[in-house]
Each structure stands twice: as structure tokens, then as C-alpha cells.
Amino acid sequence: MGHQIRVEVNGTAYEREVEPRLLLVHFLREELGLTGTNVGCETSLCGACTVHVDGVAVKSCTQLAVQADGASIRTIEGMADGDSLHPLQQAFWDEHGLQCGYCTPGMVMAGAKLLESNPDPDEGAIRTALKGNLCRCTGYHTIVRAVRRAAEGGS
Ligand code: FES
Ligand code: FES
């Protein structure tokens with residue numbers, strides 16, 4: 001039997017009936033069609049599924065959709081402002097902070113949350129903040145540079 005939940009995602013209110021076992025990441029992707037949030041491991045290891053739930057960076061494979069009832073959620077689709085990329089997205093572009101791009105939505109969401117709490121992080125702080133997000137392509141250097149570039153105002 002389903003449970004009725006209400007959430008706000010990227011400023012839009014949704015009400016859906018969901019199975020109690022449905023993970024938040026699958027709710028976002030399959031119920032709301034927000035496929036920018038990726039599924040990697042489904043075991044809380046890779047960070048590809050990172051979103052913001054009530055202002056906290058959360059691996060959305062670690063939370064049930066029913067646990068998000070009443071929450072305000074931001075996904076990668078909510079980062080850009082129309083055609084203008086979020087400054088951190090732009091910095092990833094400028095610093096070539098991605099190759100296959102699979103980890104990128106989670107990296108951006110985790111990195112944006114870091115910059116909110118620490119607008120001028122050094123390399124160590126960036127690496128610590130992103131340690132829950134895995135990338136199989138870049139070796140992380142360009143990702144770290146992208147976060148630094150965003151902190152410096154994209155110059
Ligand atoms: S899919 Fe959630 S941490 Fe890997
Ligand atoms: S860019 Fe491919 S996993 Fe990070």
C-alpha cells in the first residue's frame with residue numbers, strides 16, 4: 001500500500017503516492033523525471049546521487065522517499081538559472097572538471113554545499129568535502145580546481 005507524500009523540488013510542489021520502500025533517488029528520477037541525479041552504487045559509496053534535502057547534502061540512495069515527506073529538495077536541475085549555469089557548473093566547464101560526467105551532478109551538489117558553508121576552501125577542505133563522491137575518470141585534480149575557481153568568482 002502506498003503512502004502519500006508532499007515535497008517541494010526545485011521550487012515546484014509535488015504530491016505523490018509512493019511505495020514505502022521507494023528510494024528518494026528513484027522517486028526523483030522515475031516519479032518526477034528528474035534524471036540529472038544519477039544512480040551509481042545504491043549503497044551510499046559513490047555520491048552520484050547527491051541532492052540537497054532541507055539544505056543538507058544527502059546521498060539520495062540512502063533515504064526513502066517517504067522520509068522526505070514535507071521536505072524542500074534541490075537537484076542538479078535546480079542549479080542553473082535559466083540558460084545561465086550555476087557558478088560551480090560553469091567552473092566545472094571552464095576547468096574541464098568532468099570526462100564521462102557521471103559523477104558530476106553529485107560533485108556539483110556536494111561542492112555547492114561546501115561553498116555555502118565555506119566560501120574560500122583550500123585544497124584540503126575541498127578534498128575532504130568531496131571525499132564521499134567518487135570519480136573514475138578525472139583523478140580529481142580538475143574537480144578540485146573547479147571548486148577553487150568557483151570560490152574565486154570564476155576568474
Ligand atoms: S548511488 Fe547513492 S551513493 Fe552511490
Ligand atoms: S567524470 Fe567520469 S566518473 Fe567522474
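The buried residues of helix α1 pack against β1 (3-9), β2 (12-18), β3 and β5, where buried means under 20% relative accessible area, exposed over 50% and partly exposed in between (1.4 Å probe, protein chains only). This is a predicted model, in which local features need pLDDT of at least 70, side-chain atom pairs count only at pLDDT 80 or more, and totals for chains, interfaces and linings use all residues. Residues are numbered from 1 along each chain as its sequence is written, chains are lettered from A and ligands numbered from 1 in the order in which they are written, and side-chain values use heavy atoms, with hydrogens and water left out. Helices (H or I, at least four residues) and strands (E, at least two) are DSSP runs, numbered from the N terminus.

**Helix α1**

- Helix α1 covers residues 24-31, and its buried residues include Leu24, Val25, His26, Phe27 and Leu28.
- Just after α1 comes Gly33, with a positive phi of about 75°.

- Strand β4 (residues 56-59) pairs with β3 in the antiparallel sense over four bridges; two strands pair if DSSP finds at least two bridges between them.
- Thr50 has Lys59 of β4 as its bridge partner.
- A hairpin is formed by β3 and β4 with two residues between them, and Asp54 in the turn has a positive phi of about 50°.
- Strand β5 (residues 72-74) also pairs with β3 in the antiparallel sense, over two bridges, and there Ile73 is the bridge partner of Val53.

**Cysteines**

- Cys61 sits in the loop between β4 and β5, and this residue is buried, with a relative accessible area of 8%.
- Leaving aside neighbours within four places in sequence, Cys61 is in contact (heavy atoms within 4.5 Å) with Leu23, Val25, Glu42, Thr43, Ser44 and Cys49.
- Ser44 is 17 residues from Cys61 in sequence, and their C-alpha atoms are 6.4 Å apart.
- Cys46 counts as buried because its relative accessibility is 14%.
- With a disulfide taken as a pair of cysteine sulfur atoms within 2.5 Å, the count comes to zero disulfides.

- Thr104 belongs to helix α3 (residues 104-117) and is buried, at a relative accessible area of 12%.
- Beyond its neighbours within four places in sequence, Thr104 is in contact with Phe92 and Leu98.
- Ala151 belongs to helix α5 (residues 141-151) and is partly exposed, with a relative accessible area of 24%.
- Not counting residues up to four places away in sequence, Ala151 touches Leu115, Pro119, Asp120 and Pro121.
- Between Ala151 and Ala91, 60 residues apart along the chain, the C-alpha separation is 9.3 Å.

**The largest pocket**

- A pocket is an open set of points on a 1 Å grid over the protein atoms alone, where a 1.4 Å probe fits, with protein on both sides within 12 Å along at least five of seven lines; lining residues have an atom within 4 Å of a point.
- The largest pocket has a volume of about 150 Å³, the volume being the space filled by probe spheres set on the points.
- Its lining includes Cys46, Cys100, Cys103, Cys135 and Cys137, along with Tyr102 and Arg136.
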